[in-house]
Amino acid sequence: MVDLVIPELHDIKNIKEELIVNRKYWLLTLPGILLIALCAFASEKKTYRDSIRQKARYYYMEGVRSQIDGNPSGAYSYFKHSLAIDPGYEEAASAIGGMRLGSSLDTLQTPPEQARSLEMMRPFVDRYPEDYDESMLYAYFAYATGNQGEAIRVFSRTDSLCPERTSTLVNLAKAYMADGQIDSAINALNRYEAIEGHDPNLTIQKVSYQFAKRDTVAAIREATNLVNSRPSDPYYLILKGNIFDMINRRDSAFCYYSLAEKLNPENGGAKLALADYYRNMGDTVLYDEKTYQALMSEDFNLDQKVGLLGEYLQKLLNDSSDTSRGDLLFETLRAQYPHDAQVLDLSARYSAAKGKFGEAIEEIGYAISQSPSDEKFRGQLMSYMIADGRYRDAMAEYSEVKKFNKTPMRSLTLLYANAAQLEKDYAEAISGYADIVHEIAGSLPIDTVFSLKQLPSSVNYDDMLRLSQLYTNIGDNYYFSKNYDKAFSAYDNALLLDPGNAMALNNYAYFLTCLGKEPEKAREMSEKSLDGENAENPTFLDTYAWILYKSGNYEDARKYAESAISFSSGMEDAGNEELYMHYGEILMALGEKKKALDAFETCLRLSPDNNEIKDKIRRLKHEIK
């Protein structure tokens with residue numbers, strides 16, 4: 001290939017300046033041949049630039065085709081190549097900037113990179129402001145990345161150039177609002193409303209802006225204007241009632257809800273609003289009655305009814321209310337849709353929330369019989385089985401899933417590994433966790449220490465945190481299966497990926513102490529696990545107390561053990577018995593045998609089948625006598 005030679009820019013500039021200075025002289029004296037040569041040079045330069053742009057245009061259009069074909073990575077490569085050929089090609093630069101802003105890569109979503117992407121888009125948008133789609137895309141990205149001034153500039157310009165595209169005003173209002181210019185935001189919506197007319201969604205948006213100004217009078221006026229535009233529409237009355245409810249004028253809210261129901265006695269929305277009103281007033285009888293009527297309403301489809309009942313049931317559970325009320329309402333929905341999978345799914349989730357896992361298993365089983373390949377239902381069944389202590393059944397269910405899909409959802413594989421760990425099938429648990437590791441990070445080693453250089457470039461920060469947790473689980477299972485070296489290698493990997501992984505720090509420290517290895521390292525890791533939000537974690541406090549006990553520091557060990565017990569008070573944790581066992585051992589070392597006996601007896605109440613504790617209690621009672 002022969003390189004093309006182009007005069008340097010500064011040479012062209014010098015020639016131009018010299019010709020301008022001596023314009024009169026050369027017009028009179030310069031031979032015609034020189035004038036022809038200069039014209040030829042200008043023509044050659046233009047031809048060269050045209051050929052470069054034509055070549056860049058070719059690659060740009062290939063990028064567009066790749067986008068249409070659903071190949072974004074290919075499109076991005078073409079656009080980059082186009083810009084490399086012609087750095088002044090604004091259309092290619094804009095395409096690259098847009099794709100960068102829409103990328104999920106963390107490295108492209110830092111504020112400096114987002115600003116750079118916007119700068120790549122800006123020249124094209126400013127050169128062709130009448131290009132509505134490009135301008136709106138650019139302004140939206142500016143808004144989404146917090147550059148409200150730029151968003152307002154382009155939205156405003158687009159509105160003036162394309163006044164018929166009224167949706168621009170809604171976007172402009174959002175940008176004004178994000179910039180703290182509330183009055184300008186409301187004015188933009190007023191302009192939209194003047195063109196398009198009253199709309200409940202628009203009113204809701206304007207009311208939210210007026211609430212931000214704490215102008216409740218204006219908010220009520222907006223709702224009143226909406227109601228006046230269509231007085232017979234019950235939904236407008238409900239909206240006005242909701243606004244009164246938001247400012248705690250519940251009597252006024254009730255009046256509008258009642259009026260909406262009176263206008264249309266079958267209106268489900270009015271009944272739902274009244275149900276919520278009665279709930280807030282503590283009238284459970286009318287609350288249930290209106291919820292029942294809403295469920296019977298034909299205004300709501302099945303999805304809405306399932307959502308309505310789900311919300312109702314969740315409120316019952318949150319309020320620790322009598323769940324038999326929910327059972328009665330459930331029968332209403334079940335009678336309407338006796339075999340629908342959504343209803344069966346909700347019924348199963350409700351049973352599980354009440355702790356009736358056997359019923360939940362049966363109900364979700366009926367849903368699965370209708371949709372055998374539905375992995376969401378299968379996952380729920382596995383989780384109910386695990387909660388019911390049926391770990392082997394949950395593992396078998398995973399095998400059923402694999403008949404439909406050789407690579408099930410990651411959440412199902414995680415459930416499988418959890419079930420295997422609880423079943424003490426440690427090899428299978430490790431295999432399950434390893435499958436997820438390899439799905440995220442390819443052939444990353446499982447039982448040997450690796451370096452960050454071995455991580456694939458596709459692994460982002462969130463993936464590293466997930467991998468750290470997985471390696472913690474792998475370490476636990478290796479330890480329980482007495483593969484100590486592999487366990488500690490797994491913990492090393494977990495901490496390489498996330499040095500602040502508190503669970504890995506705690507477990508690593510505790511197991512080192514149990515084996516009598518590296519006491520100083522164990523103490524440092526245990527201390528680190530108690531940083532910040534974990535300072536009151538009973539399990540981590542207990543580990544640190546045990547490390548102090550093992551090092552002979554009994555007084556400090558007692559303080560941390562007592563803190564662990566204090567913070568665990570009221571917690572339903574199957575591991576709490578270990579706190580009391582350790583506390584008893586610490587008290588024994590301090591010579592406080594009666595208090596130690598109390599601690600061991602508490603431990604036995606929490607774990608009645610613990611023969612080791614029974615022996616300790618028997619011996620200690622004999623010593624105290």
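Me: Why are α12 and α13 called roughly antiparallel to each other?

Reply: Helix α12 (residues 216-229) and helix α13 (residues 234-246) pack at an angle of about 170 degrees, and angles over 145 count as roughly antiparallel (under 35 as roughly parallel, 65 to 115 as roughly perpendicular, the rest as oblique), so α12 and α13 are roughly antiparallel. The angle runs from 0 to 180 degrees between N-to-C directions, and the axes are lines fitted to C-alpha atoms, for helices over the stretch in contact; here those axes lie 9 Å apart. The helices themselves are DSSP runs (H or I, at least four residues; strands are E, at least two), numbered from the N terminus. The model is predicted, with local features needing pLDDT of at least 70 and side-chain atom pairs counting only at pLDDT 80 or more, while totals for chains, interfaces and linings use all residues. Residues are numbered from 1 along each chain as its sequence is written, and side-chain values use heavy atoms, with hydrogens and water left out.

Me: What makes up the contact of α12 with α13?

Reply: With contact meaning heavy atoms within 4.5 Å, α12 contributes Ala219, Ile220, Ala223, Thr224, Leu226, Val227 and Ser229, and α13 contributes Tyr236, Leu237, Leu239, Lys240, Ile243 and Phe244. These residues divide into ten nonpolar, two polar and one charged, where Ala, Val, Leu, Ile, Met, Phe, Trp, Tyr, Cys and Pro count as nonpolar, Asp, Glu, Lys and Arg as charged, and the others, Gly among them, as polar.

Me: How do you know that Cys514 is in no disulfide?

Reply: A disulfide is a pair of cysteine sulfur atoms within 2.5 Å, whereas the nearest cysteine sulfur to Cys514, that of Cys603, is 15 Å away, which is too far for a bond. The structure as a whole holds zero disulfides.

Me: Why is Arg558 called buried, and which residues does Arg558 touch?

Reply: Arg558, placed in helix α30 (residues 554-568), has a relative accessible area of 13% and is therefore buried by that cut-off. Not counting residues up to four places away in sequence, Arg558 touches Tyr583, Ile586, Leu587, Leu590 and Glu592.

Definitions and conventions. Buried < 20%, exposed > 50% of the residue type's maximum accessible area, 1.4 Å probe, protein only.
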